[in-house]
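Reader: Hi! Could you walk me through this one? I'd like to go residue by residue.

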Amino acid sequence: MVKGTALVCPQYGRACPGYDPRERRWRHLDSYQFRTPVVVQVPRVQCLEHGCLTINVPWADQNSRYTCCLKPS
Ligand SMILES: [Zn+2]
C-alpha cells in the first residue's frame, strides 16, 4: 500500500490518508483438528479526529479476534 492512499476511517466512514499496514490475526473455523489462523496486513488510516486506526474488514467485527463464522452466540 502506498502511504497517503485514500482510505476510510472506521469510526465515521470519512476519507482519510492511509498510514501503514498492521498485521492482524483472526481465528477461523478449525479444519478438522487444525487451527486455521487468518493473518492479514490490514492498512491503517491516519484520521485527523481519531488518530491511527486499522480499517474495518468484511470478515470480522471491529476488535473481534474471530472471523464472522466463529461469532459467539
Ligand atoms: Zn476518524
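Reader: Where is Arg44 placed?
Author: Arg44 sits in strand β3; strands here are DSSP runs of E with at least two residues, numbered from the N terminus. This is a predicted model, where local features need pLDDT of at least 70 and side-chain atom pairs count only at pLDDT 80 or more, while totals for chains, interfaces and linings use all residues. Residues are numbered from 1 along each chain as its sequence is written, and side-chain values use heavy atoms, with hydrogens and water left out.

Reader: Is Arg44 buried or exposed?
Author: Arg44 counts as buried, because its relative accessibility is 13%. Buried means under 20% relative accessible area, exposed over 50%, and partly exposed in between, using a 1.4 Å probe and protein chains only.

Reader: And what is Arg44 in contact with?
Author: Leaving aside neighbours within four places in sequence, the contacts of Arg44 include Tyr19, Asp20, Arg22 and Cys52. Contact means heavy atoms within 4.5 Å.

Reader: Switching to the metal: which residues are the protein donors of the zinc ion?
Author: They are Cys9 through SG, Cys47 through SG and His50 through ND1, at 1.9 to 2.2 Å from the zinc ion. Donors are N, O and S atoms within 2.8 Å of the metal (3.2 Å for Na, K and Ca), and sites may look incomplete because water is not among the atoms.

Reader: How are those donor residues spaced in sequence?
Author: The pattern is C-x37-C-x2-H. Cys9 is in the loop between β1 (6-8) and β2 (15-31), and Cys47 is in strand β3 (residues 34-47), so this pair ties together parts 38 residues apart in sequence. Both Cys9 and Cys47 are buried.

Reader: Nice. How many aromatic pairs does the structure hold?
Author: One. The ring centres of Trp26 and Trp59 are 5.3 Å apart and the planes stand at 85 degrees, so the pair is edge-to-face. Rings of Phe, Tyr and Trp (its six-membered ring) pair if their centres lie within 6.5 Å; planes under 30 degrees apart count as stacked, over 60 as edge-to-face and the rest as tilted.

Reader: Where do Trp26 and Trp59 lie?
Author: Trp26 is in strand β2 and Trp59 in the segment after β4 (51-54), so the pair ties together parts 33 residues apart in sequence. Trp26 is buried, at 2% relative accessible area, whereas Trp59 is partly exposed, at 29%.

Reader: Last one: what does the His28 side chain make a polar contact with?
Author: With the side chain of Thr67, at 2.8 Å. A polar contact is a pair of N or O atoms within 3.5 Å; within protein, one must be able to donate a hydrogen and the other to accept it, and residues adjacent in sequence count only if both atoms are side-chain atoms. His28 is also in strand β2.

Technical notes
Helices (H or I, at least four residues) and strands (E, at least two) are DSSP runs, numbered from the N terminus.
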